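Here are my notes from a pass through the model. Have the viewer open while you read.

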Amino acid sequence: MPTIRFEQPDGRVDTIEAPVGISLMKAAVGADIPGILAECGGQAMCATCHVHVRVGEDRLPPVGEDEDEMLECATSPRVSSSRLSCQLPVTDEVDGMLVYVPAEDL
């Protein structure tokens, strides 16, 4: 299983193993990662699973139209590496990914 690291605003890093085939958001919620609220359940309709991809961005699919629109509604400012974790599939290629959970999403 790929390993994903979630960096919190206080500097703590939570490392999880995520099963291939689910979304990064589902893996985070299943591991009780703080700050990944996922209010819409992964439908790209709320931006409460917003993260900044710090390592591994080049291994992800491009931002889709719905995701792009919702990122404009995120409570924390959008940055160039902003993504909705519900739109990021866990694959073997994302092993070692590091994402930052913005403080405003906590």
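**Notes around Ser82**

1. The backbone nitrogen of Val79 lies 2.8 Å from a polar atom of the Ser82 side chain. That side chain also makes a polar contact with the side chain of His50, again listed at 2.8 Å. For polar contacts, read a pair of N or O atoms within 3.5 Å; within protein, one must be able to donate a hydrogen and the other to accept it, and residues adjacent in sequence count only if both atoms are side-chain atoms.

2. Some ground rules: this is a predicted model, where local features need pLDDT of at least 70 and side-chain atom pairs count only at pLDDT 80 or more, while totals for chains, interfaces and linings use all residues. Residues are numbered from 1 along each chain as its sequence is written, and side-chain values use heavy atoms, with hydrogens and water left out.

3. Is Ser82 buried or exposed? Ser82 is buried, at 3% relative accessible area (buried is under 20%, with a 1.4 Å probe and protein chains only). Leaving out residues up to four places away in sequence, Ser82 touches His50, Val51, His52, Leu71 and Pro77 (heavy atoms within 4.5 Å).

4. Ser82 belongs to strand S4, residues 82-84 (strands are DSSP E runs of at least two residues, numbered from the N terminus). S4 runs antiparallel to S3, residues 50-55, with three bridges joining them (pairing takes at least two DSSP bridges). Opposite Ser82 stands His52.

5. S3 is also joined by three bridges to S5, residues 97-100, again antiparallel. There, Val55 has Leu98 as its bridge partner.

Notes. Helices (H or I, at least four residues) and strands (E, at least two) are DSSP runs, numbered from the N terminus. Buried means under 20% relative accessible area, exposed over 50%, partly exposed in between (1.4 Å probe, protein chains only).
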